[in-house]
Amino acid sequence: MRYMFHSFRMLMKSAMQYRSSLLMQVIAQVVLTGGELLAVTVLLSRFHVVGHWQAMEIMFFFGVMQSSFALTELFGRGVAAFQGFVGRGEFDSLLLRPRPLLLQVVCSQLDPRRVGSCAVGVAAIVIAASRLEIAWTVGKVLLLAEVVLCSMLLTLGLFMIEATMCFFSVKSIEMVNVLTYGGRSTCQYPVDIFPKPLELLFTYLAPFALCMHWPVAWVLGQPMTALSPGWYFVTPLAGLVFFLLMTRVWYWGVRRYRSTGT
Amino acid sequence: MRQLMTKWRPYLTVFRLRALQETQYRAAALGGLVTQVFFGLVYIFLYTALYAGSDPQALRDTITYVWIQQMFFRMMFSNDGELTNLIMSGGVAYMLVRPIDQHRFWVCREVGGRLVGAGMRMLPMLLVQLLLPVELRISLPDSPVALLQFVLSVGLGVLCLCELTSIIDAINMKTLDRRGISAILNLTMLTFSGNVIPLTLFPDGLQTLVRYQPFAQALDASIRMYQHAAALPEWALNVGVQIAWILILRAIGRAMWARQLNNMIVQGG
């Protein structure tokens, strides 16, 4: 943990050296996520409802997805950009150091410009929450924190699939973007508006529904399942399980790693 | 005629070279194909849920709109970092001594890459359509005339996008950082060209504004022709707007290029 905080502090310091460039990049991210927010707003102003969801409920889902995804990109840059490590042959030097491998990868990079996307996501949550009448309790706030944390782990797990692919093919593998960025675009809407196959995919295979939609739907007072409320604190753990599983897969890939050399 | 040929030869050559080069990136094309089909399907499911059976014709039009946007996605962006590389490495000096019109040379290069790149993704995606259930498929064009208008308009759309990119390139020449202002412009382009959501779904009161802004000239204008063959006066207006924006963007781009090239600092040697 101390190693992690130290690395992140140093990376933050180095990013702050180019303040105006960083500022521009943060603004670019605000425009990017703002564009998506605009798109959702335009759609909702035309259609008002999606299935049984009201406009502001959709906005809430959008906010949770965007902010947790942005946080993953912020802290998980090392995993998301893992291809660079292998491609440049830098992974070898990590293998030599006496620190946990995955921890080193995560701590190697930070992507501070994602603060912009995250801010837009949080703004969407705040706007939606202020329009909706949610009976807030301590439990619900804690649950929301758990949802964000577990969704981050799930997303990180998805990025790790891409990272594992790097061991086998050094060239870029855009196709896996379908899982990560496709997952974000799809699951910023609650899964139950989509046809069955897609819903099942994002409930059990890449469990965004378990992690995010089910508990959030309960927080909004529109439960998607007949589970008793206690269960909503359990289902997000699917994200943790997914992450641990992908960690095993990644380490399995590491054993098959051959250096590209320098 | 002969003189004209000689004058245009370098530009045609770079067009052809870039087009050839693009055909080498088959894996990228395949990756793009999978991604674009996936995103297309997700958007279509979303719109199906949004319309909820209320307006079948509007839904069909939206589905067609989404597919055409996905098919021509490669047209939107440059994947060519060559110019910044040249500047950073000092190779730009060689570029500058060539007796050619630099702006036109780069625009032709872009057009070549994008036309071929888009074609390589579009054709397999048309085949994919045959595998899909009818309700998820792209519709046929309104009429043969509509198809003709569409094809012509896509050609103008590519030109328009490449002129826009030349402006972004000029900004890159100054900042040497593709992630700042130029990224913002690129992202604005994505939203206001109708890729994220169809421009036809923007509020009705804003439609005039939305459809005549420069980013809409890329594909939105063409898709509208595909769906409704326009009568001559309306067609002339729409094509006229496309051409007008091309000329305006081109004038801006050329001015910016001239300025940047005059103040170019050659780095390294």
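So, how much area do chain A and chain B bury between them? About 2700 Å², and 79% of it is on carbon and sulfur atoms. Keep in mind that this is a predicted model.

Let's stay with that contact for a moment. Chain A brings 30 residues to it, and chain B brings 32 residues. If you go looking for salt bridges between the two chains, the count is 1. You'll find it where the side chain of A:Arg46 meets that of B:Asp204, at 2.8 Å from N to O. As for polar contacts between chain A and chain B, there are 3 residue pairs, counting pairs with both residues at pLDDT 80 or more.

Now, what does the chain A side look like? Four elements each supply at least two residues to it: α2 (19–47), β1 (49–50), α10 (177–187) and α11 (196–205). The top contributor is α2(A), with 14 residues. Sort the chain A residues that touch chain B by type and you get 21 nonpolar, 7 polar and 2 charged.

Okay, on to the cores. The largest nonpolar core has 137 residues, and among those that touch the most other members are A:Phe60, A:Trp250, B:Tyr47 and B:Trp67. Helix α2 of chain B, residues 26–51, gives the most to this core, with 14 residues.

Take A:Phe60 as an example. Leaving out residues up to four places away in sequence, A:Phe60 touches several residues, including A:Ile125, A:Trp136, A:Leu144 and A:Leu220.

And there's another core, apart from the largest one, with 16 residues; B:Trp106, B:Ala170, B:Leu261 and B:Met264 are among them.

Key: Residues are numbered from 1 along each chain as its sequence is written. Chains are lettered from A and ligands numbered from 1 in the order in which they are written. This is a predicted model: local features need pLDDT of at least 70, side-chain atom pairs count only at pLDDT 80 or more; totals for chains, interfaces and linings use all residues. Side-chain values use heavy atoms; hydrogens and water are left out. Contact means heavy atoms within 4.5 Å. Buried area is the accessible area (1.4 Å probe) that two parts lose on being put together, summed over both. A salt bridge is a side-chain nitrogen of Lys or Arg within 4 Å of a carboxyl oxygen of Asp or Glu. A polar contact is a pair of N or O atoms within 3.5 Å; within protein, one must be able to donate a hydrogen and the other to accept it, and residues adjacent in sequence count only if both atoms are side-chain atoms. Ala, Val, Leu, Ile, Met, Phe, Trp, Tyr, Cys and Pro count as nonpolar, Asp, Glu, Lys and Arg as charged, and the others, Gly among them, as polar. A nonpolar core is a set of buried Ala, Val, Leu, Ile, Met, Phe, Trp, Tyr and Cys residues joined through side-chain atoms within 4.5 Å. Buried means under 20% relative accessible area, exposed over 50%, partly exposed in between (1.4 Å probe, protein chains only).
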